[in-house]
Amino acid sequence: MPYKAIKKYKSGTFLCKEFPSIQQKALKFKNVVRTNVHKLNGKPFYSWRQNKEDKTWERVPMENADGDLLGVVEGEDEFEYYYTVELPEIDGEGRVWIPIAQSDPFQTIEILSLNVPTKEQYLTDDQFNNKSLYLELDESHSHKEISIAYRVKRLEKNPYPAEDGESLEQYLKSNTLIPVDDRFKEIELSFLMGEILILILDQLLGILILWLTLLWRLMNLSLDQKRLLLLKER
């Protein structure tokens, strides 16, 4: 079934004519210049490209659409990233740790602004040198806002050699989020045992139903035989 959607662009609204109710709603919009199927099962038939001169939009078949039209950025990319959070009601004391983006060989980070309701502290872990913003809060900071604005320039990340002396074993060790060794075996075994138990119960239920059916038929057969004997005696 075609994807139900109404999309507004500078040159008008585009929608699917197979849905009259949607089409009637679309008549409220001005400059409806095309009614056709845009997607099927979530897969678009075309993308959009804006004319730089008159700022109108035109359709581009998917086979002719480049990475920019499909949202794929290659080589390098530059953007601004804004992080904002409102603190909840604080009863007593509170502490907050917020990871801070850092520059590395594949990205350059510039902090444009940092707004916090109290004095900030920075912590760095010993293993990976990740940096975190640490705040100590109290009741007076309830519903205050924390905001960080970054300018980021990123390079496309391809396979790269390990640094001299870097231990790759650390990335293969178990941790809270990625258990290894017997943990996965236990999860797999518990899942398989559950599936096996369901299969056994299903088979037992089938056998029980079969026996009950046979018993019911035998009981009916016995009743029929008794009726025949009574008729013969008469």
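Mentor: Start with how elements are named. Helices and strands are DSSP runs, numbered from the N terminus. This model is predicted.

Trainee: Where does Glu93 sit, then?

Mentor: Glu93 is in the loop between β8 (76-86) and β9.

Trainee: How many helices and strands does the chain have?

Mentor: Two helices and 13 strands. The chain holds 234 residues, and buried residues make up 17% of them.

Trainee: Back to Glu93. Is Glu93 buried or exposed?

Mentor: Use the cut-offs: buried is under 20% relative accessible area, exposed is over 50%, and partly exposed lies in between. Glu93 has a relative accessible area of 76%, so Glu93 is exposed.

Trainee: What about opposite charges?

Mentor: Side chains of opposite charge can pair when their charged atoms come close. In this structure, a search of the whole model finds two salt bridges.

Trainee: Which side chain meets Glu80 in a salt bridge?

Mentor: Arg151 does, at 3.4 Å from N to O. The pair links distant parts of the chain: Glu80 is in strand β8 and Arg151 in strand β13 (residues 145-155), 71 residues apart.

Trainee: And which side chain meets Glu110?

Mentor: Arg151 again, at 3.2 Å from N to O. This pair also links distant parts of the chain, with Glu110 in strand β10 and Arg151 in strand β13, 41 residues apart.

Trainee: Why does Arg151 count as partly exposed?

Mentor: Its relative accessibility is 30%, so Arg151 falls between the cut-offs. Glu80, at 37%, is partly exposed. Glu110, at 40%, is partly exposed too.

Trainee: Now a loop residue. Where does Phe106 lie?

Mentor: Phe106 lies in the loop between β9 (94-100) and β10 (107-115). To read its surroundings, look past its neighbours in sequence. Leaving aside those within four places, Phe106 is in contact with Lys153, Arg154, Leu155, Glu156, Lys157, Asn158 and Tyr160.

Trainee: How many residues apart in sequence are Phe106 and Arg154?

Mentor: They are 48 residues apart in sequence, yet 5.8 Å apart in space, C-alpha to C-alpha. Now take the chain as a whole. Among contacts between residues at least 6 apart in sequence, 56% join residues at least 24 apart.

Trainee: What is phi of His143 near?

Mentor: Phi of His143 is near 65°, again positive in a residue other than glycine. His143 lies in the loop between β12 and β13. With 45% relative accessibility, His143 counts as partly exposed.

Trainee: One last item. What does the accessible surface of the chain come to?

Mentor: About 19300 Å², of which 55% belongs to carbon and sulfur atoms.

Technical notes. Residues numbered from 1 in each chain as written. Predicted model: local features only at pLDDT ≥ 70, side-chain atom pairs only at ≥ 80, totals over all residues. Heavy atoms only, no water. Helix = DSSP H or I, 4+ residues; strand = E, 2+ residues; numbered from the N terminus. Contact = heavy atoms within 4.5 Å. Buried < 20%, exposed > 50% of the residue type's maximum accessible area, 1.4 Å probe, protein only. Salt bridge = Lys/Arg side-chain N within 4 Å of Asp/Glu carboxyl O. Areas by Shrake-Rupley, 256 points an atom, 1.4 Å probe, with all protein chains shown as cover.
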